[in-house]
Amino acid sequence: MGKYKESFTKGIVKENPVLRLVLGTCPTLAVSTTVIGGLGMGVAATFVLVCSNIVISLLRKLIPSMVRLPAYIVVIAGFTTIVQMLLKAFVPSIDQILGIYLPLIVVNCIILGRAEAYAGKHSVGLSALDGLGMGVGFTAALVLMSAIREFFGSGTLAGWPENGMFPAIAVFAAPAGGFFVFGLLIWATNKLSAKFDKEFTPKTSFDCSACPHAASCEKMTMGGGCDE
Amino acid sequence: MNNLFLIVLGAMLVNNFVLSQFLGICPFLGVSKKLGSAVGMSLAVTFVMLMATAVTWPIQTFVLDPNDLGYLQTIVFILVIASLVQLVEIVLKRFVPPLHKSLGIYLPLITTNCAVLGVTILNIDEGYDFVSSMANSLGAGLGFLIAMVMFAGVRERLETADIPEGLRGIPSTLIAAALVSLSFFGFQGLFGL
């Protein structure tokens, strides 16, 4: 039982994909201007993550390792298309807010990363829980960040109150505010983590450790990461 | 002609892919530590963007649209980009080894770069014709190059700066990116775009 619990909970705090592993940065920065947008993106990505983890785990013995990345991408693209259709049909307002970032779930590196690092090697149950945990962690981080940006940037929370509580500080809703709030959130995460977890070491650079391409990357096998 | 020029400048400065639209943030943060690798990565991205647009635009217009298969766009585009990148890598490795050594190593990373898939989908959403689509992709690629080169310069300075301990590493990089992005905010509304 312990490993099932572990596979679910690690994505929420210990290996939070956004705040600890610094993955999925594009959607995190882009849709976090409103709480509704952040929540919609989180739920949509979680759906794709759980479904693709289940399917990839079921197929893990059938997919030859040479072509596993393209195979994973096809599975993920299929579920992304399903999400696109569902949102267009049932919640068109969310579809409008997410816009181009909805089809771009297919290249969200959290999803390909989990397929490569986890679902391709573990049983269906564990993979589903792993996907759910990572999805919840992603959604929580997105909602937290969008709450901060919406509160300061428009003076509202999830669109309430309609006219804003105070004059908005527009820069928080602007792209620059996204980078700024994200930087401060990671700083706060590192501070809090160091306080509660004695073994914690903050991620200091954008290294290859979480990159889904690490295993097949020539740069990596030649030594060093992208930057070397 | 005038119109094409506006599309290139618009994609490059006003709607800069990295700093205004948040597409391609991973390589922007990950490969910008050294100027050399930043330029290599940007040129590879620009090249793949142009190639991908040249292939995906005809597919959408002549295959998907007439057959009412628009819903397959995401799957088809990502597959086309992935195989295209593989093909380019093989061709470069076989025929132009020096170019493969300087640009080719970034190619596998570009498959899942959201800027490439993003520009191909945006071209369709905006309803551009073929030439405008290519212009938009060129502008997007050049915009990526400008952002990367500027940011690589900033990061080389950051290396030696005295930063409070908690902010060292990723937080300071993101805050620096915020300041670079703020400078591009100044282009908002230019040319009425």
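Reader: In which loop of chain A does A:Gly164 lie?

Author: The model is a predicted one. In chain A, helix H7 covers residues 124-154 and helix H8 covers residues 175-196. A:Gly164 lies in the loop between H7 and H8 of chain A.

Reader: Is A:Gly164 buried, partly exposed or exposed?

Author: A residue is buried with 20 or more other C-beta atoms within 10 Å of its own, and exposed with 12 or fewer. A:Gly164 has 14 C-beta neighbours inside 10 Å, and therefore it counts as partly exposed.

Reader: What are the elements of chain A, and how does its radius of gyration stand against the globule rule?

Author: Chain A has nine helices and zero strands, in the order α-α-α-α-α-α-α-α-α along the sequence. For 228 residues the globule rule gives 17 Å, and the radius of gyration of chain A is close to that, so the chain is as compact as a globular protein of that length. The radius of gyration of chain A is 18 Å.

Reader: What box do the C-alpha atoms of chain A fill, and what percentage of its residues is buried?

Author: Taken along the principal axes, the box is roughly 55 × 45 × 40 Å. Of the contacts in chain A between residues at least 6 apart in sequence, 74% join residues at least 24 apart. The buried share of the 228 residues in chain A is 47%.

Reader: What are the corresponding values for chain B, and what is its radius of gyration?

Author: Chain B has nine helices and zero strands, and its C-alpha trace spans about 60 × 45 × 30 Å along the principal axes. Buried residues account for 50% of its 193 residues, while 77% of its contacts between residues at least 6 apart in sequence join residues at least 24 apart. The globule rule gives 16 Å for 193 residues, and the value for chain B is close to this, so chain B is as compact as a globular protein of that length. The radius of gyration of chain B is 18 Å.

Reader: How are H7(B) and H8(B) oriented to each other, and why?

Author: H7(B), residues 114-125, and H8(B), residues 130-160, have axes 10 Å apart and pack at an angle of about 150 degrees. Their crossing is right-handed. Angles over 145 degrees count as roughly antiparallel. The two helices H7(B) and H8(B) are therefore roughly antiparallel.

Reader: Which residues meet between H7(B) and H8(B), and how many of them are charged?

Author: From H7(B) come B:Ala115, B:Val119 and B:Asn123, which meet B:Ser133, B:Asn136, B:Ser137, B:Ala140 and B:Phe144 of H8(B).

Reader: Which helix gives the largest share of the side of chain B that touches chain A?

Author: The contact takes 46 residues from chain A and 41 residues from chain B. Elements giving two or more residues on the side of chain B are H2, H4, H6, H7 and H9 of chain B. This side has 28 nonpolar, 10 polar and three charged residues. The largest share, nine residues, comes from H9(B).

Notes:
Residues numbered from 1 in each chain as written. Chains lettered and ligands numbered in written order. Predicted model: local features only at pLDDT ≥ 70, side-chain atom pairs only at ≥ 80, totals over all residues. Axes fitted to C-alpha atoms, helices over the stretch in contact; angles between N-to-C directions. Helix = DSSP H or I, 4+ residues; strand = E, 2+ residues; numbered from the N terminus. Parallel < 35°, antiparallel > 145°, perpendicular 65-115°, else oblique. Left-handed = near helix turned anticlockwise from the far one by under 90°. Contact = placed C-beta atoms within 7 Å. Nonpolar A, V, L, I, M, F, W, Y, C, P; charged D, E, K, R; others polar. Rg over C-alpha atoms; globule rule 2.2 N^0.38 Å.
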